[in-house]
Amino acid sequence: MRPANALDRRPVVVAGVGETGPRPEDPRSIPEMVLEAVTEALADARLGYGDIDAVVTASVDLFDGLTASNIAVTEVVGAVMRPETRIAGDGLAAALHAACQIWAGAYDTVLVAAHGKASMSCYQDLTRWALDPILVQPLGLDFLACSGLQASAMAVADPGAERRWAETAAVRRAACATDAASPCTAEAVLESAVAAAPIREGMCAPMADGATAVVLRTVAPAGKGEDVRLAGVGCDLDRHALGDRDLCAWRGLERAAERAYAGAGVADPEDAFDLAEPSCRCAHEEELFLAATGVGAGTLVSPSGGLFAGDVPVAAGLSRLVAAVRHMRGDAGCRRALAHGAWGPAGQAHVVAVLDRGTA
Amino acid sequence: MRRVAVVATGQTEHARSRDDLSQPELVRQAAGRALSDAGLEPDAVDAVVISNMELFEGRALPELWVGEGAFASGKPCLKVATGGTSGTSACIAGFHQVASGLFDVVLVVGFEKHSEGHTQTGMALTDPFWDRAVASGALGNFALSISQYMAERGVTEEHAARVAVKARRNAARNPHAHLRMPDITVEEVLASRILAHPVRMLDMCPQSDGACAIVVAGEDRAAGLCERPAWVKAAVTRHEQPYIGDIDRRLASMRTLREAARRAYELADIREPLGDFDVAEIYEPVSYSELAWYEALGFCEDGEAGRLIEAGRTEMEGDLPVNPSGGVLSTNPVGASGVIRVAEAALQVMGRGGERQVPGVETALATGYGVYAWADVVVLGSA
Amino acid sequence: MSEHLTVPIEMALTWRYASGSAMERFAAGLRERRIAALRCDGCGRRYLPPRPLCGNCRLPLAEWVPVADEGALEAWTVMHLPILDGRTGEPREAPYGMGLIRLDGADTTVNHYLDERDPERLAIGMRVRAVWRGDLRGAMDDILHFEVLR
Amino acid sequence: MIREGGMSIPFRFAAGEAGSAFLAALRDDRRILGARCRGCGRVVVPARAFCGRCGGADLAFEDVGPEGTLIAWTQRPGHGVFGLIRLDGGDGALLHRLLSPLPALVAGVRLRPRFAAERRGDIRDIEGFEVVNGSDA
């Protein structure tokens with residue numbers, strides 16, 4: 001029997017990346033934003049629409065206020081008279097599915113596009129509609145309240161936790177070069193308003209608008225030079241009810257990472273990665289991320305501020321992949337990176353991609 | 001590409017309202033039946049794909065809540081949503097995931113509970129700068145396209161009524177179907193209430209609560225899980241431009257379905273669809289659309305669909321029985337409907353269709369239809 | 001279990017939709033009773049509604065062409081089941097006529113209301129003309145319906 | 001150009017087999033139902049039709065609580081104060097509102113439910129949980 005996640009699969013190269021960049025409020029329409037990201041990714045890959053065999057899009061109807069909201073992007077992703085698969089979840093999960101299509105031999109070149117516009121509505125109000133409508137939604141919780149409960153569980157018997165998280169937030173904020181984020185000292189973070197105790201507003205990544213696109217492609221035999229490859233992917237859905245989970249750990253991320261490591265042949269994650277790009281929406285989540293992935297102290301984490309540069313619903317995970325690819329291209333010493341996406345209350349669902357530098 | 005097969009199916013009893021089960025419980029019933037069908041323990045499932053149009057239930061990311069019902073806890077789980085093609089596209093996603101070698105056994109579950117919300121409103125969030133200004137709904141949009149189709153292809157109200165009768169009579173033999181009407185007549189359809197000229201109440205699909213699941217396995221596992229697996233011979237998707245006004249004579253042209261069928265037939269070596277297929281489960285939300293799909297799928301020449309149904313060639317005893325299950329016209333939980341098409345086609349290949357089994361099925365067709373003209377075509381075979 | 005309970009929850013959500021620049025220009029035209037389409041350089045197709053890209057040729061759209069407020073009825077129906085108005089949430093009073101209208105100067109069709117609701121008096125190919133509201137707001141419902149020209 | 005648009009829909013979610021039993025017990029008897037999974041032995045709270053942990057569907061309802069221990073809490077300004085409560089006799093934790101003032105809310109404190117006078121078969125038939133007098137974490 002063929003082992004799942006076998007190492008002998010044909011390579012999946014990240015041939016091109018594009019992104020609008022997260023903005024607090026992008027005045028453009030969804031198709032305009034996605035068109036910019038797709039155009040940039042295609043140009044980056046030196047490909048045209050005609051070279052694309054299939055498209056995987058990521059979007060969520062309730063977030064966009066549109067029925068089958070991928071209708072809005074069908075044309076700009078070049079999916080007219082083409083196969084489009086629409087994943088209603090994080091964009092990195094859409095990339096995972098695109099990689100599956102390539103490994104399956106169904107297509108050679110797949111475009112992945114994700115978008116989100118937090119400015120369209122009160123995002124946290126929308127998240128209430130993702131919670132159990134019988135037992136949880138009527139109580140009035142949203143995703144942020146769920147994160148507060150997780151942080152609270154972590155802070156029990158850990159009096160230094162809040163300061164540590166404030167320091168993490170300050171470091172990430174300082175690293176951001178976008179206009180969505182604002183720098184802030186640890187003291188200021190600790191003094192900022194309560195978002196969901198013990199989480200302060202300063203500990204939360206700012207919500208933003210944006211679109212992200214990636215071209216995945218199997219290596220052409222005549223290819224030259226170094227490239228960045230999707231070496232392993234994994235995802236996981238944890239239990240929905242917070243009371244059914246061990247809130248002090250991201251068990252789902254442990255499983256997702258294990259699956260991605262098996263595919264990429266990562267034996268010891270502590271020494272394996274030069275870079276990690278996690279999707280952490282609140283500062284305390286970085287501790288959960290590091291513990292679950294086993295990424296070691298020698299790994300550079302979120303050098304551009306991670307989601308503190310702007311957390312775009314749905315596109316966030318794919319934007320982490322783009323950040324990792326761009327970093328790897330600019331830093332020859334960066335041989336292997338990990339990109340992460342997460343969705344759902346208190347990190348219920350996770351997706352992990354291991355990126356390797358490869359030679360055709 | 002690694003060969004993949006549908007090795008098991010499970011579905012709920014579909015009805016106007018399944019108030020007896022919560023969404024996760026409904027999903028669990030279909031998923032549990034599919035696993036029992038394959039003799040699999042939940043641990044044997046490597047990954048789960050869920051299909052659902054979440055605005056019908058007022059949900060965002062519905063897999064978060066219903067995932068446990070699909071045995072997805074602690075597993076990879078993705079959700080696919082593309083309107084009416086959600087279910088067939090979720091099945092195709094499952095095929096690709098298994099073909100990739102990443103997973104050996106994938107469970108695909110589609111569900112919808114229309115009774116929990118308001119289906120019309122759930123479909124009303126169209127482009128706020130364009131079609132949201134006109135209240136046409138899926139019904140009005142079909143009626144518009146039907147007026148063109150009738151004018152161009154000579155199809156009559158009676159032809160459509162025959163399709164409606166065939167569907168509900170077939171459904172009477174399907175214990176899972178929502179509308180089961182063994183004694184329905186053409187006269188009854190033609191006398192039913194007019195909804196949108198020329199579409200009558202009995203020409204339209206119902207809104208159903210229901211769930212349906214299939215188990216997809218790779219070639220090395222399929223034979224051990226099923227006596228006669230339904231092998232995937234082709235699975236093709238084509239999407240279309242976004243507005244109804246973009247699509248020239250929609251039902252008559254249906255270039256997406258024509259192109260998807262052409263490609264799928266090429267992959268599956270189908271040369272003469274009416275003869276090469278032993279059964280078809282096609283996605284017909286309205287009686288007239290089935291006639292249009294006959295032409296687009298090459299069951300007959302353009303303009304011959306009326307004669308095909310008149311001659312009874314797509315009835316249970318005809319050359320190519322179409323929708324022995326009763327089709328979407330008899331059961332329509334939208335997120336599940338495409339999965340039902342694939343499951344029913346697979347059951348026919350497995351020879352396990354019960355009272356609705358067509359004898360000696362070797363090759364079966366399943367299609368999905370969504371939004372204005374999105375199309376999926378799946379070909380299943382016994383070898 | 002004999003009793004089946006249900007939990008009622010009322011959804012009342014609003015979103016702020018961005019039109020995009022092409023639609024913004026189109027809407028500004030409507031306020032002056034002007035309709036304009038975007039023409040594709042590749043296939044020559046003149047698109048309503050305006051959009052960034054021709055999905056068939058995958059080329060950006062930039063050339064505006066004028067479109068008349070009258071044209072030919074390409075498809076029609078009379079709605080008897082009242083459909084909810086996506087803007088108000090209220091059902092529109094039935095029966096009402098609807099059509100796909102190919103405006104002179106455009107290649108795609110517009111779906112809109114018709115003033116005629118008698119099936120015997122509707123036919124594909126009929127000429128129709130927009131009936132505009134008095135207080136133009138720059139939206140598609142500035143056109144109240146299309147009247148059949150006889 | 002920005003335009004506002006909305007959607008107003010009354011939803012009614014079926015509580016299902018287990019949810020109906022759980023909500024009816026709150027309404028009729030002020031009891032909190034868990035379900036013991038015969039597969040893995042855990043008592044899931046609130047009661048469910050199947051065990052999300054082992055996948056088993058062989059569960060028997062049994063009473064849990066009504067008192068329990070606070071394991072985490074949050075204050076979400078504008079929304080309320082919420083806690084995860086491990087009910088006596090149950091595994092996992094119940095998510096609910098907390099009614100006692102913040103200083104009393106520390107992990108480990110004992111809590112009990114305050115039932116609404118008028119109950120209609122809804123999770124809000126419990127108004128929330130309050131600290132048991134004299135309880136100390």
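Visitor: What share of the 383 residues of chain B count as buried?
Guide: A residue is called buried if 20 or more other C-beta atoms, placed from the backbone, lie within 10 Å of its own, exposed if 12 or fewer do, and partly exposed in between; in chain B, 76% of the 383 residues count as buried. This is a predicted model, in which local features need pLDDT of at least 70 and side-chain atom pairs count only at pLDDT 80 or more, while totals for chains, interfaces and linings use all residues. Residues are numbered from 1 along each chain as its sequence is written, and chains are lettered from A and ligands numbered from 1 in the order in which they are written.

Visitor: How many helices and strands are there in chain B?
Guide: Helices (H or I, at least four residues) and strands (E, at least two) are DSSP runs, numbered from the N terminus, and chain B has 15 helices and 11 strands. The radius of gyration, taken over C-alpha atoms, is 19 Å for chain B, close to the 21 Å from the globule rule (2.2 Å times the number of residues to the power 0.38) for 383 residues, so chain B is as compact as a globular protein of that length.

Visitor: Which strand of chain C pairs with β1(D), and in which sense?
Guide: Two strands pair if DSSP finds at least two bridges between them; here β1 of chain C (residues 6–18) pairs with β1(D) in the antiparallel sense, over 13 bridges. Within this pairing, C:I9 stands opposite D:F11 in β1(D).
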